[in-house]
Every structure is written in C-alpha cells, then in structure tokens.
Amino acid sequence: LIALPKPTFGSEMTGYPKDFATSTLSSVEELSRASTGSAGYGVAVLAVGGVGAVVLGLRDSAAPWLVPPVMATARAAAGDLSGATVALLTAWTVAWCGVAGAAYLWHRRFRP
C-alpha cells in the first residue's frame, strides 16, 4: 500500500492565514447560491435545468428555443457541419447566454 500524505489547509498549504481559506470557501458557497438562496434549492434548480435542457432540446420538442442548443449542437456535430449551421448555432448560443445572463443579474439584484 502507498501512504498518502495528510492533506493540509490554510496557512500550511497556501501561506495565507487559516481565516483566509475559510472566508474564501464561504464566499464561493454564497456565490453559488446567489440566485437560489439555499444549497438544496440550488441543486434542484440545476437538476431540473439539466434534464430540461435535454428534454426540450429533443428533435420533436414543442419549444427548443427555451434551452441552450445543447442537443442541436450534438446532432449537428454528429453529421456534416456547414458554415450556415455553425453560424446559426453560434448566434443561438450567444443570444441564449445574453438573455440568461441578464435574467440572472436582474434576479440577483432584486432578490429579497
């Protein structure tokens, strides 16, 4: 068996005080829950969003424009990619990211 070294934290690892490592972790946790308010609700939103992106991105979906072009890109990459297809997927991605980013910033700013 190989003996692994004991993990180190705070000043032992980075040279910063232990409070710095702890405060950075709490900042990351707060940032990841910026829009949802709790870790449990955040995981639920991510799970529903991931499944929704696949389901709504299917070929016969009623509203594929509601999700980023994940499935459309996968279908296009499996076949021959034309310049028009790449341009359309790029425009769709940029537009979707702009709308989603604006909605996130608005929600984060006005969340009670």
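Colleague: What pattern does the protein follow, read along the sequence?
Modeller: α-α-α-α-α. That comes to five helices and zero strands. Helices (H or I, at least four residues) and strands (E, at least two) are DSSP runs, numbered from the N terminus.

Colleague: Before we go on, what are the ground rules?
Modeller: This is a predicted model, where local features need pLDDT of at least 70, side-chain atom pairs count only at pLDDT 80 or more, and totals for chains, interfaces and linings use all residues. Residues are numbered from 1 along each chain as its sequence is written, and side-chain values use heavy atoms, with hydrogens and water left out.

Colleague: What does the pLDDT average?
Modeller: The average is 75, and 66% of the residues score at least 70. pLDDT is the predictor's confidence in each residue, from 0 to 100.

Colleague: Where is confidence lowest, and where is it highest?
Modeller: Lowest in helix 2 (residues 18-32), with a mean of 46. Helix 4 is highest, at 90. Over residues 19-32 pLDDT stays under 50. The model has two contacts beyond four places in sequence for that stretch. Contact means heavy atoms within 4.5 Å. Where pLDDT is low, predicted coordinates should not be read in detail.

Colleague: New topic. Where is serine 61?
Modeller: In the loop between helix 3 (39-56) and helix 4 (70-78).

Colleague: Is serine 61 buried or exposed?
Modeller: Buried, because its relative accessible area is 17%. The cut-offs are under 20% for buried, over 50% for exposed, and partly exposed in between (1.4 Å probe, protein chains only).

Colleague: What does the side chain of serine 61 reach?
Modeller: The backbone oxygen of leucine 56, at 2.7 Å. Leaving aside neighbours within four places in sequence, serine 61 is in contact with Val55 and Leu56.

Colleague: And valine 51, buried or exposed?
Modeller: Exposed, since its relative accessible area is 53%. Valine 51 is found in helix 3.

Colleague: How much of the whole protein counts as buried?
Modeller: 12% of the 112 residues.

Note on methods:
A polar contact is a pair of N or O atoms within 3.5 Å; within protein, one must be able to donate a hydrogen and the other to accept it, and residues adjacent in sequence count only if both atoms are side-chain atoms.
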